[in-house]
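Q: Got a structure I'd like to go through with you. Can we talk about charged side chains?
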Amino acid sequence: MTVARDGGKISGKLTMPPLQPLSPAETPVLSLTRKLVLLFMFCLAQFLDAFSNSALFSAIPVLEVSMGMTESQSTWIMSAFQLTFASFLLISGRISDVYNPKTGFIGGVFGLGVISLCAGFVDDTIPLIVLRALTGIASSMTIPSALALLVRVFPEPLEQARAIGTFGGCSCVATSLGLMIGAMFVQWASYHWVFWFIAIVAVPTALACAFIISPEIARTKDNLEPAATKWKSLDLLGVTILTVALILFIFAVTSGSTDGWASAAVLVPLIISIMMMIGFFCWETLIHVDTAAIPPRTWFYPNFSILFAVALLPYCWWFTVFMIFTILWQNVFGWSAISSAVHMLPLGAAAFVMSFTGSLSRIFSPKWIILTGLFFGMVANVLMALGGGKPEYYWPYIFPALSIGSAGFMLTYTHTNIAIFQAAPSSMAGTVGAIFNGALQFGSAIGLAVASSIETSVEANHGGSHEYQGRAAVFWFLLTVAFILFISVSVFYDRSTDHAPQPEHGDSGHPTRRSTDSDEKLNDANLIEKADLPNLPV
């Protein structure tokens, strides 16, 4: 999708992707009602993915008692989903780009429903952890495919920005509402209904999408290629290396807070995962650019790398806040699960309001919006670090911190999401969605592990878990991270490409384009083809 500027007016038009382009006539023309229905379905899938994680925060204490879980096992109820979800995002993104994203989306939503239905009947710890891991794989199929479909449904930049913002906002709303709904199920029914609720919503959604999503919406240039070509385009070796590396990495950082960072169970997978990641990026430079899972040039698209770094923080902050205050309010203050969930509502409300600010990215530079969000986040961290250790501190400190911080990080999340999609070609939408959401999950996994370690180490010397010093130290840490990102965006974000047309796949003329050897070979081949065109018979 590019933006043509004629006489100061901005108009959207479809560019012709490489190899086998779609002509403007083949672009699906949808009514506003159809677009809104599709957006609702995509947002519902995003809602369910976030809900399946957040709702269990309220159920964990009950699960620990009913199943006799250890602290480590209860941690893995949450971590198993996070591990597989983050690790399988890339392969899901590649499948969405190379094959039909409609199939990936429907399969992911339907799988989420079926697995959740089975989880509702489980009363043993190990099977539940396994099912949570499978739920993460199913959820990882929905996000990249939904984003790949979304950019096709909303090709015009302003509409696309609003749609991506709304899509992202559903995750934050689900995180807040999931805590509330989960608490209601736990207190008035049973924790089984947390899983059954997901199944009741997911299965009909998947069946409806089979009819609502038309084949024209799901068609990309790669859909038209032969099956053998599609299979080669998946870069199975590279994706497998990275997937295994991410599984080992997330396993290591998740286990570090419980087993100790110096233990062999943490250090061995951590070292192996880092070596495999280096091997993956080396492999990507050796293969053809069109078959690479993440072409090296991706990191040199305008602002892509700095936006990736910013994406590490929002989920880290939200999940850390949930973890700290849910435990503090229930275990230390003695509040009920529902009372704790109600006190968290400002977090979801502020995020929901900010999710509708997507259109601001077409008026102001995303740089200033992201910096504003990070500044709000820093203010919130200061408030949480200074107050929060007593129930009476909720209104003067925690309530404004939840509101300001959630609004700020939602601004950051929304406009980082929009900007990163504008930085890369639309033909890479599934892969870009996987990279962005992977950054969100990696940030939360690493952040939770580090926060847990900081809190535990400080509490060991300052009064134990019933004191607030350890939690305050975590928010000083988050303040430092936000400040570093604030400085990085101020220095490295390049505004010269704001509101510019999206780069085309393999566009060597893009202002910040960098070429690898594979890229140069591709460009040389394209030049030869163009030179031979006049000699072809008509």
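Q: What does Arg 471 form with Glu 455?
A: Arg 471 and Glu 455 form a salt bridge, with their closest N and O atoms 3.6 Å apart. A salt bridge here is a side-chain nitrogen of Lys or Arg within 4 Å of a carboxyl oxygen of Asp or Glu.
Q: Where do Arg 471 and Glu 455 sit?
A: Arg 471 is in helix 19 (residues 469-492) and Glu 455 is in helix 18 (residues 429-461), 16 residues apart. Helices are DSSP runs of H or I, at least four residues, numbered from the N terminus.
Q: Is this a predicted model, or what is it?
A: This is a predicted model: local features need pLDDT of at least 70, side-chain atom pairs count only at pLDDT 80 or more, and totals for chains, interfaces and linings use all residues. Residues are numbered from 1 along each chain as its sequence is written, and side-chain values use heavy atoms, leaving out hydrogens and water.
Q: Are Arg 471 and Glu 455 buried or exposed?
A: Both Arg 471 and Glu 455 are buried. Buried means under 20% relative accessible area, exposed over 50%, partly exposed in between (1.4 Å probe, protein chains only).
Q: Which residues are linked in a network with Arg 471?
A: Glu 455 and Glu 459. Arg 471 also bridges to Glu 459, at 3.7 Å between the closest N and O atoms.
Q: New topic. How many salt bridges does the whole structure have?
A: Three. One of them joins the side chains of Glu 159 and Lys 35, at 3.3 Å from N to O. Glu 159 lies in helix 6 (residues 157-188) and Lys 35 in helix 1 (residues 32-67), so the pair ties together parts 124 residues apart in sequence.
Q: Is Lys 35 buried or exposed?
A: Lys 35 is buried, at 14% relative accessible area. Glu 159 is partly exposed, at 29%.

Conventions: Helices (H or I, at least four residues) and strands (E, at least two) are DSSP runs, numbered from the N terminus.
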